[in-house]
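Let's take a walk through this protein together.

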Amino acid sequence: MAIDIKPEELYFLPLGGAGEIGMNLNLYAYGGKWLMVDCGISFADIYLPGIDLIMPDPEYIGERKDDLLGLVLTHAHEDHLGAVAHLWPELRCPIYATPFTMTLLESKLEEAGLAGQVPLHTVPLGGSITLGEFDITYVSLTHSILEGNGLKISTPLGNIFHTGDWKLDPHPLVGEASDIGALKSLGHEGVLAIVCDSTNVFNEKSSGSEQDVRESLKALLDGHNGRLFVTTFASNIARVETLAKVGDALDRHVCLVGRSLKRNVEAAKKCGYLQDFPQVVSEEDAEHIPKDKILYICTGCQGEARAAMMRIATNQHRYISLSREDTVVFSSKIIPGNELLLARLHNMLTEHGVHVLTEKDHFVHVSGHPGQEELRQMYKWLRPVISVPVHGELRHMTLQAELAKKWGVEHQIVPVNGSLIRLAPGIPEIVDQVYSARLALDGNFVLPEDDDAIVMRRRIMYNGAAVVTVALDQGHKISGQVAVTLLGIADSEEQELTQMIIAAIKKETDHITVKAGKGDRNIAEAMRVAVRRICRQFSGKSPGPQVTVNIIRV
Ligand SMILES: [Zn+2]
Ligand SMILES: [Zn+2]
């Protein structure tokens, strides 16, 4: 049973994004009311077969939704807003975001059939809103997407700075530079707590500037004879602009490949960015342009199956194919977990005879998250009393806490999802561990991550399945053939195993009189156990295939 929060106390509670990089969902409470910051997704791994996306279970706040004042979004990355369309029906609160973030959110809500139902409030850059006793001001911070924002959250018990995702890039190329003036004056005003991005804390230096990447790409992309393909994160508008401008400067036509890329560029233009973006050509027209006169900007820098780069590499793209003289540049980093996918993609590209250039041997990417130099600068400006690292695995967050201590911050608290932290009054501490879990998006449905269906799928995926159907007459004798279907069992094993299963079923049927009083369910269960034993003995694997026995009465 969760403790009741006290209206005179100020709390922070992450339900997602603490102990992991992805699916951020943060809550603040004061005056008995709640404020939500961000509501994102993560990509599922191979342990969730058939599931693409996961998100935080909002049950704790869902049960308190009458006290939820609103959802404030920091920026438009999927790990910050990707779950809104799925979870908003449980929360039904107003949503606040800056223009670019709001534009992308609107199109997601429309896709989900929620257009017009969600109270949306667009806040200008640097703008303020008041929700209950929370006064919230957006503070522009550079990141790898347009309109990265930190939030100054003022309460009667002190100021919190919720950084969101950020870096300090003096030359972000597109969009606002970090509002250092606002950070300095916040530091003078006094900061009770910083809740801060930990993603890039292992980098001892700073993350680097988009301007430097532009210079490097300009040199790297010059002097090639074949087609040029560059893949990057679709939402990194500054990078996309760099590629388009470099293409233009090299006298190459530019073609955007991939739906999310076109959507992001359109949203940026709609919000007043990219006003001198070069004219692009369609995929269809690009086919007829000489090889040394075209540059394709593609989605799929993580080797995603349905994205442009993979479709091109597997010859599945309608208009675009690869040939020997071509060059493919990955202007991105490998997100941990995607190594195998990307190795596969690189091998496929190599098979086509194209040159593959990546961050391993060329300067083609900078991170959007703060390295230690930037973190130290932020702590120096703000001088917070409490450091709460988030947006990291435990090892990232722990290192940020250690650094904060070294830099003179009095209290450091490393939360996990569900840690209810009392920030004030008194010594800050974790006062409760509330319910937190993950949900999985299964096609059109949202399920608990440990739902039986998913557990069963995993079992079948690794062990295969055996489905046995037996028709019994009223005297409990087998009528006709026993039907056995084996899935995920090698052809060479199938015949022998089928015979063994049929023999086991017949043997069980001989004993039925004893069990008959217990009903068909018990008979089927006894048969299932017998078949499972046979399968295990036969295969030498434990657990063997998932076994199902159906009894039909004739
Ligand atoms: Zn981000
Ligand atoms: Zn993020």
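How far apart do the C-alpha centres of domain 2 and domain 3 lie? The answer is 54 Å. Bear in mind that this is a predicted model. The domain assignment of the protein chain puts domain 2 at 210–357 and domain 3 at 464–553. Domain 1 comes in two pieces, 10–205 and 367–448.

Look for five strands that make up an open sheet, running in the order 15-16-14-17-18 with parallel pairing. At its edges sit strand 15 (253–257) and strand 18 (355–357), and each of them pairs on one side only. Going from one strand to the next, the twist averages 20°.

Let's cross the sheet strand by strand. Strand 15 is joined to strand 16 by five bridges, and the two run parallel. If you want a landmark here, find Val257, whose bridge partner in strand 16 is Cys298. Strand 16 then pairs with strand 14, again in the parallel sense, over four bridges. Cys298 turns up here too, standing opposite Thr231. Carry on and you'll see four bridges linking strand 14 (residues 228–231) to strand 17 (residues 327–330), also parallel. On that side, Phe229 stands opposite Val328.

Why is strand 16 (residues 294–298) described as largely enclosed by the rest of the structure? It's because five of its five residues are buried, and here buried means that 20 or more other C-beta atoms lie within 10 Å of a residue's own.

Now move along to a pair of helices. Two packed helices are described by the angle between their axes and the distance between the axes. Helix 15 (residues 491–510) packs against helix 17 (residues 520–539) at an angle of about 145°, and their axes are 9 Å apart. The crossing is right-handed. From helix 15, the contact uses Leu497, Met500, Ile501, Ala504, Ile505 and Glu508. Helix 17 contributes Ala526, Met527, Ala530, Val531, Ile534, Cys535 and Phe538.

Methods. Residues are numbered from 1 along each chain as its sequence is written. Chains are lettered from A and ligands numbered from 1 in the order in which they are written. This is a predicted model: local features need pLDDT of at least 70, side-chain atom pairs count only at pLDDT 80 or more; totals for chains, interfaces and linings use all residues. Domain bounds come from an automatic or database domain assignment. Two strands pair if DSSP finds at least two bridges between them. Axes are lines fitted to C-alpha atoms, for helices over the stretch in contact, and angles run from 0 to 180 degrees between N-to-C directions. A residue is buried if 20 or more other C-beta atoms lie within 10 Å of its own, exposed if 12 or fewer, and partly exposed in between; C-beta atoms are placed from the backbone. A crossing is left-handed if the near helix is turned anticlockwise from the far one by less than a right angle, and right-handed if clockwise. Two residues are in contact if their C-beta atoms, placed from the backbone, lie within 7 Å.
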